[in-house]
Each structure stands twice: as structure tokens, then as C-alpha cells.
Amino acid sequence: MTMKKIVVLGGGTAGWMTVSLLHHAWASKGFQFAVVESANVPTIGVGEGSTPALKQFFDKLGIAESEWMPACAATYKCGIRFANWAGRAGYDSYFHPFTSTLDNNVLGYFHHHINARRQGHNSYRAPDDYFLANVLAEQHQAPKESESFPFEQSYGYHFDAAALGHFLKQRAIRQGVEHIEADVEQVQLTTQGDIRQLVTHNHNAIEADFFVDCSGFKSLLLQGTLQVPFVSYANALFNDAAVTLPTQSTDFLPSLTTSTAMTNGWRWHIPLTNRVGNGYVYSSQYCNSDDAEFELRQQLGLLDSAIEAKHLKMKVGRVAEHWRRNCLAVGLSQGFIEPLEATALMLVQYTVENFILAFEKGNFTDTNRNQFNSNINAQFDGIRDYIVAHYKTSGRKDSQYWRDNGQNDQLSDSLRYVFQSWMQGKDFSEALRKQGIDRFYSDVSWMCLLTGMGVLPPLAAGESTIQVEQDRRWIAEFLRRSSLNFPDHRTYLTAQ
């Protein structure tokens, strides 16, 4: 093995997460690491939500919540509430939960009632009512169970993205990662086509054996230098822009993200300890930035506010190869799926962890590169399909944006099969396994989405009303009693 030095181009959360994982895995093997970061290139810094995968990241590195959360104004996230998406009477909102082992006690009821409703029976089917995460979110509780409670609750986080990048940066530097502040003006290749060195503005050359491209949408190394093609998702996901505005935090502290459908997209509400993050993700094909900002300000009651909005453009899709020659792309440089399910950092983590496994298994050669690229592409495409399903299943027709989303037929074969299996009452869990997409989102996630949107066949017959009501009362009481083991969200964070 001759591999000794790895250089990461670009900082931000993605760059410092990447080098943290690589250093953790390979510092003991004699690898050296450096991050090249420009002071003239601002980070995007608005990805402020996560999936439960981020907890695994901190656990792997041995970073306690009491160490990083206060530094990043972080809060807990039990899941996402989707409001005003369905456009159907009786379906005002639904909750996508992060589940726990305790939920196994009611999952049998969940599957039974929803599958009965798919068969046309008038069965109990409100997905919110089956999961502890929803109860905790509704009551502004932290998903941190008491010591006497034997069930661990799964959760994600909300956080200040810029602060998280800074926290990981300072930690990595203390552990020996070299930080080089420079603007890269030229990338030089070897005669074989590998990246040999980065030439900076002051003509210093930065050499390495392997490079990681975290340069953002610009993708200076992978797309710019190595000419890896970009596969756009624009025909399936219309949103390509966002506008953000912060507001003051409230006395109570929600433990969920709220996603509310708007005229030409949707807006997020992310509670931090010191503020609330708000943003409107929209399609520039249907409205301009001024109109989007006006609609967001109107919704937030900030029409006369002097708070400055931040406007962003998004490049939605993925690269054809995430690893080519001696370069790996991570973060925005490898692709981006709009932030509806907060998957950006999960994809960073998934990419780096799978690269570590593939590179080690191949004795630090490119032996497993093709398999790795296929795996990451499947991950991106699987998440894309789940996000597309939110728009395709919406019954909203109040704007051209929503009408076009509902009529969009640019669906993958896999997603078509999922929809057909659902509406035909087939074994839905088996359908997801057959398509190989249950590893991206579970049957619970898909069932919450489709039922929450009101995508159901016409009613044909009824189950026993008495039995359904008995089930409903038992589940509600079970979750109520379980929630007594969890603290108030803000009180818990204040005491950390």
C-alpha cells in the first residue's frame, strides 16, 4: 500500500464530516489528511435538519451530545409533519416519524388497519396515531427516555449548519488534520489522468495520493477536471431555488420539522435553541425570487421586517460516477436531492462510510470502484423516488405548479411499480423488497406517506366498528403512558 496522503478540497459541514470519518478510520494506518478551504467561497449553510443517521456519526466518533449540541444551537427531531400537501378533504397533515423498538408493540395494528383500508374497508388508518414519535412531537418533548424506560427512541437533530461545520473543523484540526486556507486556481493531472496536485493562487502546489471533492455545486475536481457527467433530476423534481428567513424562537420548543406546502413548492420550519430557521423551496419555472420571498414573508408575518432574506439556487441530481480515478466527490459536488426529507448529510455519511469499506476491501485500490458507484447511485435514485412520491400523490390543483406535478409522468419503473402495488392491494412490504428500495425508506415510511396523502381506493365494506374503536383507544392509552417517560424538550436541553 503506497497511499499516504488524502486532501479534501472544500470545508463546510460536508468537508469536515468527510475528513472526520476518514481520519477516524485511517489515521492509525499512517495516513495524513489536509483540508483546503477558501476564505472567499461561502458555504451554503442552510441544511439544518438530519435523519437519525447523524446520531450514528457522532456515536462513531465518540462525540457526546453535551459537547456538540450547545455549540450548534441544536435541538432534537422526532420526525417531520407535512401540512397542506394532500389537497384532499380530511387530510390536512400527516407525520413521518422516526420509529423506536417500542413501536413494535403497535406495528401489527398499523399494518392490519392500513392494509384493510387498502382493501376498501372502513378501517382505522390515521398513521399519526400509531407512533410514539408523533406523541412526543405534539407535546414538545425530547426523545430522551428515562433510565427506567427499556425502549430507546430513534431521533434526528436540528442544528446551525455553519456552527456544526466550525465545530467539526476545530475538532479535526486538534486531532492533527492540516488546514490550508487557499484558493485553488489550477488542477494538474498525471500522464495517466489522475489528479496530481492543486495549484493555489500564490502558486503553491498541494500534492496528494487521493483527493476528495467537497467544492460544492461547482464540483471543481470530479465534474470540472475529470469531466464526470451530471445526471439531472429536473424532469422529476421541479424545485431549483430557495429563500430563507430566520425568526425568533418561541417559549415552547417543538421537537419536529414542519414542512408546509406553498403555492409553488413548500416551506420548512426548523426550531433551534436560539432562533427558528424558515425557508421556501420553490421552482423558478413557476415564480421568481421576489414573488417567493414575498409569499414567505407573508406567511411569517414579516412583510414590513428589515430582516434580510438569503436566496439560493439548487442543482438537483447526481453525478454518473462518485468515484473516478483518484478522486471521490462528497456532498453538493456529487449531487443534491432537495431538502424535503433532510437527506443531505445522510448521503455524505453514507458515501464516505461506504467508500471506506470499499477502499479497504480492495486493499486501497480501485478494485471495488464500480460496485461502489452503483451502490451510491442506487441510494440517490431511491431517495429521489420517495421525494417524487410526495409531489406525484398530492391532490392540490390550486396552481399550475401543483397541477403539473400531479400530471408528471417522468417516474422510474420502480416508483410506478410501488404505486401499482399500493392501489391494487398487493403485499406492499414485499413489493418494496422486490424493488430493493425498502433499504432506503421502510414500508412504514411509504405507508405513512401514501395514507397521509389520502391515496386510497374507494370504500367498499366496513370492519367491525367496535373492534376498530377498541384498537384506537388501546393504542392511544399505550402511547400516552409511554410518553410519561420523556422530558420537556427545552427543559431537557437547558439542563444539559
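Gly11 is buried, at a relative accessible area of 14%; buried here is under 20%, exposed over 50%, and partly exposed in between, with a 1.4 Å probe and protein chains only. Before going on, the ground rules. This is a predicted model, where local features need pLDDT of at least 70, side-chain atom pairs count only at pLDDT 80 or more, and totals for chains, interfaces and linings use all residues. Residues are numbered from 1 along each chain as its sequence is written, and side-chain values use heavy atoms, with hydrogens and water left out.

Back to Gly11. It sits in the loop between strand S1 (5–9) and helix H1 (12–26). Helices (H or I, at least four residues) and strands (E, at least two) are DSSP runs, numbered from the N terminus. Not counting residues up to four places away in sequence, Gly11 touches Trp16, Val35, Val36 and Glu37, where contact means heavy atoms within 4.5 Å.

Why start there? UniProt, in an unreviewed entry, gives "binding site" at Gly11, Gly12, Thr13, Ala14, Val184 and Leu332. UniProt positions are in the numbering used here, feature names are shortened, and annotations may be inferred rather than shown by experiment. Another residue from that list, Thr13, lies in helix H1. Thr13 is buried, with a relative accessible area of 12%. Residues up to four places away aside, Thr13 touches Ala161, Leu164, Gly165 and Leu345.

Next, the "active site" feature, for which the unreviewed UniProt entry lists Lys77. Lys77 belongs to strand S3, residues 75–77. Is Lys77 buried or exposed? Buried, with a relative accessible area of 1%. Neighbours within four places in sequence aside, its contacts include Gly49, Ser50, Tyr155, His158 and Ala342.

Now the sheet. Strands S12, S18 and S21 form an open sheet in that order, with antiparallel pairing; two strands pair if DSSP finds at least two bridges between them. S12 (230–232) and S21 (335–336) stand at the edges with a single partner strand each, so one side of each has no neighbour in the sheet. Helix H10, residues 369–392, packs on the sheet and touches S18 and S21. The direction of H10 makes about 175 degrees with that of S18; axes are lines fitted to C-alpha atoms, for helices over the stretch in contact, and angles run from 0 to 180 degrees between N-to-C directions. S18 (residues 317–319) is joined to S21 by two bridges, and Arg318 stands opposite Gly335 in S21.

On to the second largest pocket, with about 540 Å³ of space. Of its 22 lining residues, Thr51, Pro52, Met346, Phe440 and Tyr441 are the closest to its centre. On a 1 Å grid over the protein atoms alone, a pocket is an open set of points where a 1.4 Å probe fits, with protein on both sides within 12 Å along at least five of seven lines; lining residues have an atom within 4 Å of a point. Grid points are joined across faces, edges and corners, and the volume is the space filled by probe spheres set on the points. Helix H2 (53–61), strand S5 (93–97), helix H9 (344–361) and helix H14 (443–452) each supply at least two lining residues. H9 gives the largest share, four residues.

Last, Ser249, in the loop between strand S13 (241–247) and strand S14 (257–262). Ser249 is partly exposed, with a relative accessible area of 30%. Ser249 and Ile195 are 54 residues apart in sequence and 47 Å apart in space, C-alpha to C-alpha.
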